[in-house]
Amino acid sequence: MNESILVMNSVAKKFGKEEALKNISLTVHKGDIYGLIGRNGAGKTTIMKLITDLSKESSGGEISLLGTTKGTSGYQKSLQRTGAVIESPVAFNKLTAYQNMKIICIQKGIHNFSVIEETLEFVNLAQTGKKKFKNFSLGMKQRLGIAMALVNNPDFLILDEPINGLDPIAIIEFREILERINRERNTTIFISSHILTELYQVSNRFGFINDGQMIQELSKEEFDELVTEAIVVDVENPKAAVVVLKENQFKNIEVIGENKIRILDKHTPVKDINKLLVQNDILVNQIQKQENSLENYFTNLIKDAGGQ
Ligand SMILES: Nc1ncnc2c1ncn2[C@@H]1O[C@H](COP(=O)(O)OP(=O)(O)OP(=O)(O)O)[C@@H](O)[C@H]1O
């Protein structure tokens, strides 16, 4: 069975009379890059603040982190093995990346400053020299925030909306860094966003929250299964392709363009289609899974849960 890094069980949080979180339960497994997705005000930051003990939950419920329960003495030790960037990355405007990292090292009792260069290298900030934090791009600021959270090599990394406002190239760079942290440092990552298409690119599991409630938790495979509708094959001779596929028991096939056929059974193995067509001298240019839009899925999920 998968080892759990974070388990929240029926956790609630009220601000005055407002119920910001209503019985939230979620599980992050070791090795996950878990994407917490929810619109503005859904409760993402509140969840992260509860986990990191920046805020107290209302009565009932339980939070367990790296095998310890919040409220017990061991929890602080688990927090020392956790890095977090919540809300926006905080650093001194007039200091460089190196100087900001040095302050964090001192605060965390790390005396071996070689970790600074190493970590800055890891997040592609080693070449920023004398540039001050205030002159960094948003992507650079986010990456410095991560570097600061990584100095003590945490087992668990919490990142609140780190991809907000990044351009597509910065998102790709960001994804590569997260994947490296996850793979090379064995760090489990918990990351939030209100933009599913962006979170989709980096996460392997998802939790969808709306209005303080968990609507659905699922893996990327389960998610792909839900949004995939059909398989589209780009071939040189679509009519011949349909005949060959039908003769070999493939069903629900239609020609949808000059060079395209669509197979409405999303479970058909792509490699079998390719092999069969090539064996019958039909050239295949491309095979693609046709998907429902991710944002549509999210919007419908919220509607089904009673939101607008
Ligand atoms: N300190 C606070 N006092 C009162 N209400 C709060 C406080 N912090 C959060 N809330 C409320 O709790 C709800 C959840 O807020 P939270 O910041 O967790 O949402 P979020 O999903 O992180 O949103 P965003 O994407 O805008 O950051 C909101 O209705 C918010 O107004």
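Predicted model: local features only at pLDDT ≥ 70, side-chain atom pairs only at ≥ 80, totals over all residues.
**Entry 1**

Next I looked up the two strands: E11 (residues 228-235) and E13 (residues 260-263) run antiparallel and are joined by 4 bridges. Strands (E, at least two residues) and helices (H or I, at least four) are DSSP runs, numbered from the N terminus. Two strands count as paired if DSSP finds at least two bridges between them.

Which order do the strands of this open sheet follow? I read E12-E13-E11-E14, 4 strands with antiparallel pairing. Strand E12 (253-257) and strand E14 (284-291) each have a single partner strand, so one side of each is left without a neighbour in the sheet. From one strand to the next, the twist averages 25°.

Then I found a helix on this sheet: H9 (residues 238-247) lies across E11, E12 and E13, and runs at about 170° to E12. For such angles, axes are lines fitted to C-alpha atoms, for helices over the stretch in contact, and the angles run from 0 to 180 degrees between N-to-C directions.

**Entry 1: two domains**

I checked how the chain is divided, using bounds that come from an automatic or database domain assignment. The assignment gives domain 1 (4-211) and domain 2 (225-294). Their C-alpha centres lie 42 Å apart.

**Entry 2: the mixed sheet**

I moved on to an open sheet of 6 strands, in the order E6-E7-E8-E3-E9-E10, with mixed pairing. At its edges I found strand E6 (82-85) and strand E10 (213-219), each pairing on one side only. Neighbouring strands here are turned by 15° against each other on average, direction ignored.

Leu-159 stands opposite Ile-191 in E8. I kept a rule in mind: in a regular strand the side chains alternate between the two faces of the sheet. Helix H5 lies across E6 and E7, and its direction is at about 160° to E6.

**Entry 3: the cores**

Which residues have the most contacts inside the largest nonpolar core? They are Ala-147, Ile-158, Ile-189 and Phe-190, in a core of 61 residues. Helix H5 (residues 138-150) gives the most to this core, with 6 residues. Another core, of 11 residues, lies apart from it and includes Ile-231, Val-233, Val-244 and Ile-263. By nonpolar core I mean a set of buried Ala, Val, Leu, Ile, Met, Phe, Trp, Tyr and Cys residues joined through C-beta atoms within 7 Å.

I then picked out Ile-158: leaving aside its neighbours within four places in sequence, Ile-158 is in contact with Met-48, Ile-51, Thr-52, Thr-82, Ala-84, Ile-86 and Phe-190. Contact here asks for C-beta atoms, placed from the backbone, within 7 Å.

**Entry 4: E1 and its partners**

I turned to strand E1 (residues 4-15), which pairs with E2 in the antiparallel sense over 8 bridges. Ser-4 stands opposite His-29 in E2. The two strands form a hairpin with 2 residues between them, and Gly-16 in the turn has a positive phi of about 60°. E1 also pairs with strand E4 (residues 62-65), antiparallel over 4 bridges, and there Asn-9 faces Glu-62.

**Entry 5: around the ligand**

I listed part of the ligand's surroundings: among them are Phe-15, Glu-18, Gly-43, Lys-44, Thr-45 and His-194. H1 supplies the largest share, 3 residues.

I looked up Asp-272 in helix H10 (residues 270-279). Why is Asp-272 exposed? I found 12 other C-beta atoms within 10 Å of Asp-272, and the cut-offs are 12 or fewer for exposed, 20 or more for buried, and partly exposed in between, with C-beta atoms placed from the backbone. Glu-179, in helix H6 (residues 168-184), is partly exposed because 14 other C-beta atoms lie within 10 Å.

Terms used: Residues numbered from 1 in each chain as written. Contact = placed C-beta atoms within 7 Å. Near = placed C-beta within 6 Å.
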